[in-house]
Amino acid sequence: MSPLSSGLLGDLDPTSDRAVFRQIADQLREAIDRGRFREGEKLPSEAELVEHYGVSRMTVRNSFSVLTGEDLVHAEHGKGVFVRPRPPVRRLASDRFARRHREQGKSAFTVEAEAAGSHPQVDSLEVKEEKASQDVSTRLGSVRRVLARRRRYLLDGRPVEFATSYLPLDIARGTQIAEPNPGPGGIYARLEELGHRLDHFEEEIRARMPAPSEVKTLHLAAGVPVIHLIRTAFDTDGRAVEVCDTIMAADAYVLSYQLPAT
């Protein structure tokens, strides 16, 4: 009997109507979830799994394909299949837009990346004036044109989200907000310097499968969903001063909230 039988992996159920390769994938997935195989660790080889389960190599490869499609593992040519590292960015809803971060010259993304021990980067930056969509116009109080700031965010070189901020032109035109680099603290720091002291944010969040363009932009593995978040920022006068439409790779984030008990 293979050494893998000693509690690491179980046995197949011959009475189950679930395909054999899926049973094997289920057992490997459970072993990963339980920490029997840790991030970056190599999974048993095809030969070991063939011996353990008494199946063909093609069956084992199909099992690996399932886990690869779920973005749980990745193959390295000539080395084997490894558990994919998953250092998630924890988005703390109660803290990420705290004024103290802006006063320190840090954006919310920078703060979160530092907390995760990752290197943040922004690329694919585009800033331009354009006609507001019906949804953005409604959220910003029936404006016709906006300044749009589109950017993609990377962690340690991996794309994890892309976002577009829409701001009313009477606020943003001719200011540093319209420049590629808005300066320390980002656009929220500039808004407050312009007299729009931020009061609160409203966010709408939903999960869905990505569009083909989103798969390409975020380099998503098959089967990985996205988090679609729309945030509206309001100043102390109750005016909506920004709408941010963000698409995030769901496997890169943990959304964390603190909710009052009363």
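1. Aspartate 26, at 23% relative accessibility, counts as partly exposed, where buried means under 20% relative accessible area, exposed over 50% and partly exposed in between, with a 1.4 Å probe and protein chains only. Its partner is arginine 18, with which aspartate 26 forms a salt bridge whose closest N and O atoms are 2.6 Å apart; a salt bridge here is a side-chain nitrogen of Lys or Arg within 4 Å of a carboxyl oxygen of Asp or Glu. Arginine 18 also counts as partly exposed, at 38% relative accessibility.

2. On provenance, this is a predicted model, in which local features need pLDDT of at least 70 and side-chain atom pairs count only at pLDDT 80 or more, while totals for chains, interfaces and linings use all residues. Residues are numbered from 1 along each chain as its sequence is written, and side-chain values use heavy atoms, with hydrogens and water left out.

3. The chain contains 9 helices and 10 strands, these being DSSP runs numbered from the N terminus, with helices (H or I) of at least four residues and strands (E) of at least two. Its radius of gyration is 23 Å, well over the 18 Å that the globule rule gives for 262 residues, so the chain is more spread out than a compact globule; the radius is taken over C-alpha atoms, and the rule is 2.2 Å times the number of residues to the power 0.38. Along the principal axes, the C-alpha atoms fill a box of roughly 75 × 40 × 35 Å. Buried residues make up 44% of the 262 residues. Of the contacts in the chain with a separation of 6 or more, 58% are between residues 24 or more positions apart, contact meaning heavy atoms within 4.5 Å.

4. The structure holds 18 salt bridges in total, and two further pairs deserve a comment. Glutamate 76 forms one with lysine 79, with the closest N and O atoms 4.0 Å apart; glutamate 76 counts as partly exposed at 30% relative accessibility, whereas lysine 79, at 54%, counts as exposed. Glutamate 130 forms another with arginine 150, where the closest N and O atoms are 2.9 Å apart. This pair links distant parts of the chain, since glutamate 130 lies in strand E4 (residues 120-131) and arginine 150 in strand E5, 20 residues apart. Glutamate 130 is buried, with a relative accessible area of 15%, while arginine 150 counts as partly exposed at 24%. Both belong to a network of salt bridges that links Glu126, Lys128, Glu130 and Arg150.

5. Arginine 152 is also found in strand E5 (residues 145-155), and at 15% relative accessibility arginine 152 counts as buried. Its side chain is joined to that of aspartate 123 by a polar contact of 2.8 Å, that is, a pair of N or O atoms within 3.5 Å of which, within protein, one must be able to donate a hydrogen and the other to accept it, residues adjacent in sequence counting only if both atoms are side-chain atoms. A polar atom of the arginine 152 side chain also lies 2.8 Å from the backbone oxygen of threonine 217. Leaving out residues up to four places away in sequence, the residues that arginine 152 touches include Gln121, Pro159, Glu161, Phe162 and His219.

6. Helix H3 (residues 57-69) has 13 residues and reaches 18 Å from its first C-alpha to its last, close to the 18 Å expected at 1.5 Å a residue, a span defined as 1.5 Å times one less than the number of residues. In H3, Thr59, Val60, Ser63, Phe64, Val66 and Leu67 are buried. They cover an arc of only 150° around the axis, which puts them on the same side of H3; the arc is that of the directions from the helix axis to the C-beta atoms. The buried residues of H3 pack against helices H1 (20-33) and H2 (46-53) and against strands E1 (73-76) and E2 (80-83). Just after H3, aspartate 71 takes a positive phi of about 65°.

7. Valine 83, in strand E2, is buried, with a relative accessible area of 3%. Valine 83 and arginine 38 are 45 residues apart in sequence, yet 6.6 Å apart in space, C-alpha to C-alpha.

8. In helix H8 (residues 186-193), 7 of the 8 residues are buried, so the helix is largely enclosed by the rest of the structure. H8 is followed by glycine 195, whose phi is positive, near 100°.
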